[in-house]
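Please read them with the structure open.

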Amino acid sequence: GTNHLYYGKILNELATMYSYTGKFRQADTLYNQALEIARKVNGNEHPNVAYTLNNLGILYTDMGLFTKAEEAIMEGLRIRKKNYGEDHIENASSYLALGNLYADRGKYEQAVQYYLEAVALRKKYSGETSTTYATYINNLALVYHQMGLFKKAEALFLESMDIRKRKLGEKHALYAQSLNNLAAVYSDLAQYEKAEKLNIEAAAIRKESLGPENADYAASINNLANNYEAMGMPEKAEPLLLQARAIYEKALGIGHPNYIKVNNNLATMYSILGQYQKAEELCRISLELRKKILGPDHPDYATSLNSLATIYKNTWQYDKAEPLYAEALEIRKKALGESHPDYASTLYNLSVLNRINGNMNKADSLIRQVIAIRGKELGEYHPEYADALAGLAFNYTLQHRYPEAESLYLRTQA
């Protein structure tokens, strides 16, 4: 019957399948039906209720409904601790779900805390060679990447990829996920050829195993497009970004963070191409949606502010650009810290504005901070480090400090 526990189990499994394939509304309906059955058959404090609440929280995280997600996951964790205690393996999936939630909200320190709890429990109960353990360290690596801790992220992605390769094979979607994530790190480290190769391989696996309309396939072609954009090849990036956006719109809807992200990426690309009206329109859409869905303290909202400010800077609307950069800088300072490359990028943009406005002392001070951050976090062979050196050299040229400028320009050639 429809109130039997096994029917609830089937609903849970079917809902999970819908969630994996991006059919979130169907999944939401089924999870709530399963939750109602579990409460009716087992009572409100039963582990089956916790299991369904956790699944529901994961779904709401994917849908960008973060408040509802937190409530569901926390309630599930409370029930699990009540039934099993603090150190039970069942708690690991709750900790993982909380880590994912806080990572998506841009609360990276909290995410790391929960991921480490999850990894420790998984390691204790199932060792360091299971595919589940690989998923846990993959997710920890994702947040390290967001925090700009590239070497930590790379090491964990490689470990996760090796486990998945041995256990699942090189045609599995989870192996493709590892390739995709590792490629994103290499792209940020300006190792573009390595990133391109991994992105193409990941996209091919996902297209074959998941289909060309799946959101994970869209993620791979979005990453490939971003890599091409960083390589100065916007003509290759644009069709991929448009394809990714169309897939996200169909699979996830226009309110989903992934759709908004690719929209912002398109805005950045059009800005680079000098198509500023197009860029501004897309950027404003992303900005409004991110503020509404993620909140005004989220790093992704700061990214949209930074992008819109850059459009204004490039169209000589300096009075409009400066307050947006200042707001983005404050958000990034709080959310990411003063050693993060994204914080340095906004400092760089503010330095350029100050130079344009003739505030050379402030411009020099800001660009020196950028050089220090990029040198430490990205390394002195990264293109963005060289770009910062060239920026300070240009400042010195304008101030007729030619020997100092020449020295810096020569360092960019090293």
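1. I begin with the salt bridge between the side chains of Arg374 and Glu384, whose N to O distance is 3.8 Å; a salt bridge here is a side-chain nitrogen of Lys or Arg within 4 Å of a carboxyl oxygen of Asp or Glu. The pair links distant parts of the chain, with Arg374 in helix 18 and Glu384 in helix 19, 10 residues apart. Arg374 counts as buried at 5% relative accessibility, whereas Glu384 is partly exposed at 33%; buried means under 20% relative accessible area, exposed over 50%, and partly exposed in between, for a 1.4 Å probe and protein chains only. Helices are DSSP runs (H or I, at least four residues), numbered from the N terminus.

2. A word on the basis of these values: this is a predicted model, in which local features need pLDDT of at least 70 and side-chain atom pairs count only at pLDDT 80 or more, while totals for chains, interfaces and linings use all residues. Residues are numbered from 1 along each chain as its sequence is written, and side-chain values use heavy atoms, with hydrogens and water left out.

3. A second salt bridge joins the side chains of Arg401 and Asp364, at 3.7 Å from N to O. Arg401 lies in the loop between helix 19 (383–398) and helix 20 (402–412) and Asp364 in helix 18, so the pair ties together parts that are 37 residues apart in sequence. Arg401 is partly exposed at 25% relative accessibility, but Asp364 is buried, with a relative accessible area of 3%.

4. Ala388, which lies in helix 19, is buried at 0% relative accessibility. Leaving aside residues up to four places away in sequence, Ala388 touches Tyr348, Ile367, Val370, Ile371 and Arg374, where contact means heavy atoms within 4.5 Å. Ala388 and Leu168, by comparison, are 220 residues apart in sequence and 43 Å apart in space, C-alpha to C-alpha.

5. How do helix 17 and helix 18 pack, and at what angle do their axes cross? The axes of helix 17 (residues 341–356) and helix 18 (residues 360–377) come within 8 Å and cross at roughly 155°, the axes being lines fitted to C-alpha atoms over the stretch in contact, with angles running from 0 to 180 degrees between N-to-C directions. That makes helix 17 roughly antiparallel to helix 18, a label given to angles over 145 degrees. The crossing is left-handed, which is to say that the near helix is turned anticlockwise from the far one by less than a right angle.

6. The contact between these two helices includes Tyr343, Leu347 and Leu350 of helix 17, and Ile367, Val370 and Arg374 of helix 18. Its residues divide into 12 nonpolar, 4 polar and 4 charged; Ala, Val, Leu, Ile, Met, Phe, Trp, Tyr, Cys and Pro count as nonpolar, Asp, Glu, Lys and Arg as charged, and the others, Gly among them, as polar.

7. Helix 16 and helix 17 pack at an angle of about 155°, with their axes 9 Å apart. That makes helix 16 roughly antiparallel to helix 17, and their crossing is left-handed. Among the residues making the contact are Tyr325, Leu329 and Arg332 of helix 16 and Tyr343, Leu347 and Leu350 of helix 17. By class, this contact has 12 nonpolar, 3 polar and 4 charged residues.

8. Phi of Ala190 is near 65°, a positive value in a residue other than glycine, and Ala190 is placed in the loop between helix 9 (173–188) and helix 10 (192–210). Trp316 likewise has a positive phi, near 65°, and is found in the loop between helix 15 (299–314) and helix 16 (318–336). Ala190 counts as buried at 19% relative accessibility, whereas Trp316 is exposed at 67%.

9. Finally, a search of the whole structure finds 17 salt bridges. Among them is the pair Glu13 and Lys9, at 2.7 Å from N to O, with both residues in helix 1 (residues 5–20), 4 residues apart, about one turn of the helix. Glu45, Glu75, Arg78 and Lys82 are linked in a network of salt bridges.

Conventions:
Angles under 35 degrees count as roughly parallel, over 145 as roughly antiparallel, 65 to 115 as roughly perpendicular and the rest as oblique.
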